[in-house]
Amino acid sequence: MEKLINDFSFGLFVWQTLLFLILLYLLYRFAWKPILNAINDREEGIKNALAAAEDAKKEMQNVTADSEKLLQEARGEREAMLKEAREIREKMVADARDQAKQEGDKLIAQAKATIESEKKAAVAEIKSQVADLSVQIAEKILKDQLANKDKQLKLVDDMLGDIKLN
Amino acid sequence: MRTIFTLKILLLCTFLSVSGFEVSAKEESPEGSKKDIKTEIKEYIDHHLKDSHDFSIFSYTEDNGEHVYVGIPLPVILWDEGLKVFSSSKFHHGETIAEAGGNYYALEHGKIYKTDAEGNLNHDEEGHVTNAKPIDFSITKNVVMMIITGALMLWLFSSLARSYAKNNGVPTGAGRFFEPIVIYIRDDIARPTIGEKRYRKYMPFLLTIFFFIWFLNMFGLTPLGINVTGNIAITFGLALLTFLITNFTGTKDYWKHLVDPLGDAMPWYGKIPIYIILVPIELLGLIIKPFALLIRLYANMQAGHIVLMSLIGLMFIFKSWIGSPLSFFLAFAITLIEVLVALLQAYIFTMLSSLYFGFASEEHDHEEEPELAHL
């Protein structure tokens, strides 16, 4: 301890304290402050950049989710539209078929009516022609039958024979 | 690379052992005893550990017995009934007395004493000089080294600071090496011990003290024979600053903790008998903490230098082709350890200072381990 006190130099202590304080101030002013600020700024920058990247990632995810949703919606809409179109088509086809059938039925009915009337007319015509022809045939036969006397007599006989039988 | 390195070491060894022979040849002539060389080495080590008034690089004795010193004389500044400034070359390395302003001064064992024109020094029974000592404000070797270290630090770190502005926040050159250390001190020393809220305030001091001690420790390992951090006045100055900063930035809780360590955990009448012992211990701890700080740094650096120089001195005592290289390798190994110690002591000083600042800035939690407080 005595050696320590003996070794202690007051002048050196004063110089040391003085020089150290000056050094401390100068370093604070020209080195530590800018260095620590720069390091801090850099770290803040890195932190902010990381946060920004994280945000961007989230944003990206949101956008992807949105687009996915949009896509889903579009797909659904398309599905609905297709379905509707199919229904419309089916309905149209069914309508057309119904209408055609009705039309056809109507035509058929008309045709039937026409045929019936034509038939009736034809039958009437045939009847009148048959009557004419029968009259003409009868006329011819009568003319032929009554041309000579024998035949006339024979006829009268036949007819008288018929009457007898009755 | 490796073989060249080994070759260099071998060359050095041969050179050193040869020079060992030379010394022995010289020393054997006057008395021829081994004791002389031992005392010479002891004196040399003692001299080296002390501060000196001139920056001597080496000295040798010429054939005619004249001692030749190679180095730079430094200014001597004394306060003795007025300011006295003169060059230390006037002392001729303690061999002559110096005259300044009508007063005579003598240099013995690194201290300046006031003396008469003949240079008589009075000694008491224990061999201490009883002459009056003027207050010595000389620019000694240690002061010069501190100025050099300070200038180096200023240049290094202000260039690092400037490189941020120039290089968009990224350090260049030596800054790449020093920036991680700065960040380490901030993140692993200051932040955990002081706390997020107040650590910024202490950062400049912690950084300065770390690099100041480290650089001076490293300079101590150069062959220039510098021993700044192994000087009690230096470590005292550094520890005093830690002590003052600790207590002047102390919070209300810190002071309350000091005089009322148990707080509300006990009724006042229970505290009285405990506090008769506890409070003086706490108050003593105030002084003991920085005192341990100053003694630790001083003793570690001093011890390192003594061991290293003793091992180098062994080379001259062994004077053999086996012993001298052996002690060289031992000295080499110790130097490597000293490089580590240089860093370690700077770290410990910074770490403990930071810890004390942390105690002084405590605000709510009183739960810190008491063991840590007495490190």
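What share of the 166 residues in chain A is buried? The figure is 8%. Please keep in mind that this is a predicted model.

I'll start with chain A as a whole. Chain A contains 3 helices and 0 strands, and along the sequence the pattern reads α-α-α. The chain is drawn out. Along the principal axes, its C-alpha atoms fill a box of roughly 205 × 30 × 15 Å. The radius of gyration is 66 Å, whereas a compact globule of 166 residues would have one near 15 Å.

One residue pair shows the scale. Gln16(A) and Asp157(A) are 141 residues apart along the chain, and 189 Å separates their C-alpha atoms.

Let me stay with Gln16(A). Gln16(A) sits in helix 2 of chain A. Is Gln16(A) buried or exposed? Gln16(A) has 25 C-beta neighbours inside 10 Å, and the cut-off for a buried residue is 20 or more, so Gln16(A) counts as buried. Leaving out residues up to four places away in sequence, Gln16(A) touches Met146(B), Ala233(B), Ile234(B) and Gly237(B).

That brings us to the contact between the chains. Chain A puts in 29 residues and chain B puts in 34 residues. On the chain A side, the elements giving two or more residues are helix 1, residues 2–7, and helix 2, residues 10–145. Helix 2 of chain A has the largest share of that side, with 25 residues. Sorted by class, the side of chain A that touches chain B has 22 nonpolar, 4 polar and 3 charged residues.

Now chain B, and one pair of helices there. In general, two packed helices are described by the angle between their axes and the distance between the axes. Here the pair is helix 4 of chain B, residues 175–194, and helix 5 of chain B, residues 199–220. Their axes come within 10 Å and cross at roughly 130°. Angles over 145 degrees would count as roughly antiparallel, and 65 to 115 as roughly perpendicular; helix 4 of chain B and helix 5 of chain B are therefore oblique to each other. The crossing of helix 4 and helix 5 of chain B is right-handed.

Which residues meet there? From helix 4 of chain B they are Val182(B), Ile185(B), Arg186(B), Ile189(B), Ala190(B), Arg191(B) and Ile194(B). From helix 5 of chain B they are Tyr199(B), Tyr202(B), Met203(B), Leu206(B), Leu207(B) and Phe210(B). By class, this contact has 11 nonpolar, no polar and 2 charged residues.

Notes:
Residues numbered from 1 in each chain as written. Chains lettered and ligands numbered in written order. Predicted model: local features only at pLDDT ≥ 70, side-chain atom pairs only at ≥ 80, totals over all residues. Axes fitted to C-alpha atoms, helices over the stretch in contact; angles between N-to-C directions. Helix = DSSP H or I, 4+ residues; strand = E, 2+ residues; numbered from the N terminus. Parallel < 35°, antiparallel > 145°, perpendicular 65-115°, else oblique. Left-handed = near helix turned anticlockwise from the far one by under 90°. Contact = placed C-beta atoms within 7 Å. Nonpolar A, V, L, I, M, F, W, Y, C, P; charged D, E, K, R; others polar. Rg over C-alpha atoms; globule rule 2.2 N^0.38 Å. Buried ≥ 20, exposed ≤ 12 C-beta atoms within 10 Å, placed from the backbone.
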